[in-house]
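Hi,

Have a look at it first, then read on.

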Amino acid sequence: MTSELPSITIKGTGSYAPQKVLTNDEISTFVDTSDEWIHSRSGIKERRVAAEDETTSDMAKKAGEAAMKAASLSPEDIDLVIVATITPDKPFPSTACLTQHKLGLPKAVSFDIEAACSGFLFALETGAALLRSGNYKRALVIGSEKMSSITDWTDRTTCVLFGDSAGAVVLEKGTIQGTGFLGANLSSDGASSDILHMPGGGSLIPASENSVATRQHFLKMKGREVFKFAVRAMEQSAVDILQQHNLTTKEIDCIIPHQANLRIIELLSSKLDLPMDKFFINLDRYGNTSAASIPLALDEAVRSKRIKSKDMILMLAFGGGLTWGSSLIRWP
Ligand code: COA
């Protein structure tokens, strides 16, 4: 369906996770929970937590650097930086501008995308579309999150799920049809925005003594509702994108799902009739790192040789907004 458009090659991937590991047992020392509860409900064993002075753009820089190194590119080669995040360093300027400066990219147009945990897939589609517009040749697309900065560490229903990290890919406008980024199927629905959100800090509830005292600057979630939405949305998006590209599930070599909850992925596996060994999973070690989760998993899958040349990769995401979607990549 995209045969007349320039192809979009994946030139390299990179990722970064902070050093500090926070285990389930450690969390159970400050909220009423247990390793058994967290692991059996989510599949998560531990997550990474950024240092106090380590920002989202610091992590984005490290993931971006690794992706540029894998792609053998120098700073002048990057025309665009897109950062997907819900935990920007500041409300403005964008984390992408800060990342561009830290990476020393002299000519990259830089901006953020916010689609919560689906953000990386939204950023990838945006990057590909801009490359196809003809004005840019290479894009650095990054998902980076310091979820620990919006996690309410007194709320056991959410604080056990999230972690910090960053992942990145370099996209390049190419000529070989049928490889690289093949397309996306993205969706949004603001009707259920309150099942997963952070109420404070924007124009609705600006920061005030009251907003801080009532804990409005932390992520809030209706877990069961999000769970049901996640399975339904990713299943439908997978079915739709395969149909659009005339593919069957048998032709998919590797699935990179948003790494939120192992039980969500297991249900998805049974609904799509795709065996669990086709799903790449690293949420046991990182938890849910929001917009960073897919590029972090993609980079680990590439570096561990789980993804091989010519593999067909299906990426699936869901998140606040609500947002959800899928992307297909034929690995070069
Ligand atoms: N430790 C121990 N008990 C906990 C707990 C914790 N960390 N968190 C909640 N509980 C308790 C609840 O209070 C509840 O107790 P009650 O029955 O006495 O009221 C009980 O465990 C069951 O809670 P429930 O919310 O029904 O659990 P669940 O099986 O739905 O699992 C989630 C909770 C959050 C793990 C699950 O709903 C989920 O993963 N949802 C999707 C979240 C997600 O992916 N968010 C990110 C979107 S990008």
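**Around the ligand**

The ligand is surrounded by 22 residues, and the closest are Thr33, Arg41, Arg156, Arg224 and Asn261 (a residue is near a molecule if one of its heavy atoms lies within 4 Å of it). Please keep in mind that this is a predicted model, where local features need pLDDT of at least 70 and side-chain atom pairs count only at pLDDT 80 or more, while totals for chains, interfaces and linings use all residues. Residues are numbered from 1 along each chain as its sequence is written, and side-chain values use heavy atoms, with hydrogens and water left out.

By class, that shell has 11 nonpolar, six polar and five charged residues (Ala, Val, Leu, Ile, Met, Phe, Trp, Tyr, Cys and Pro count as nonpolar, Asp, Glu, Lys and Arg as charged, and the others, Gly among them, as polar). At least three shell residues come from each of domain 1 (8-178) and domain 2 (181-330), with bounds from an automatic or database domain assignment.

Now the polar contacts (pairs of N or O atoms within 3.5 Å). A polar backbone atom of Arg156 is 2.9 Å from a nitrogen atom of the ligand. Taken alone, the ligand exposes 960 Å², and the protein buries 75% of that (Shrake-Rupley method, 1.4 Å probe).

Helix 2 (35-42), helix 6 (156-159), helix 8 (223-244) and helix 9 (262-272) are the elements that give two or more residues to the shell; helix 8 gives the most, with four. Helices (H or I, at least four residues) and strands (E, at least two) are DSSP runs, numbered from the N terminus.

**Backbone points to check**

Most residues other than glycine have a negative phi, and most peptide bonds are trans. Here, the bond from Phe92 to Pro93 is cis, with omega near 0 degrees; Pro93 is in the loop between strand 4 (80-84) and helix 4 (95-103). Gly321 and Leu322 are also joined by a cis peptide bond, with omega about -5 degrees, and Leu322 lies between strand 12 (312-319) and strand 13 (323-330). Lys305, not a glycine, has a positive phi of about 65 degrees; its place is the loop between helix 11 (293-303) and strand 12.

Best wishes

Key:
Polar contact = N/O pair within 3.5 Å; in protein donor to acceptor, adjacent residues only side chain to side chain.
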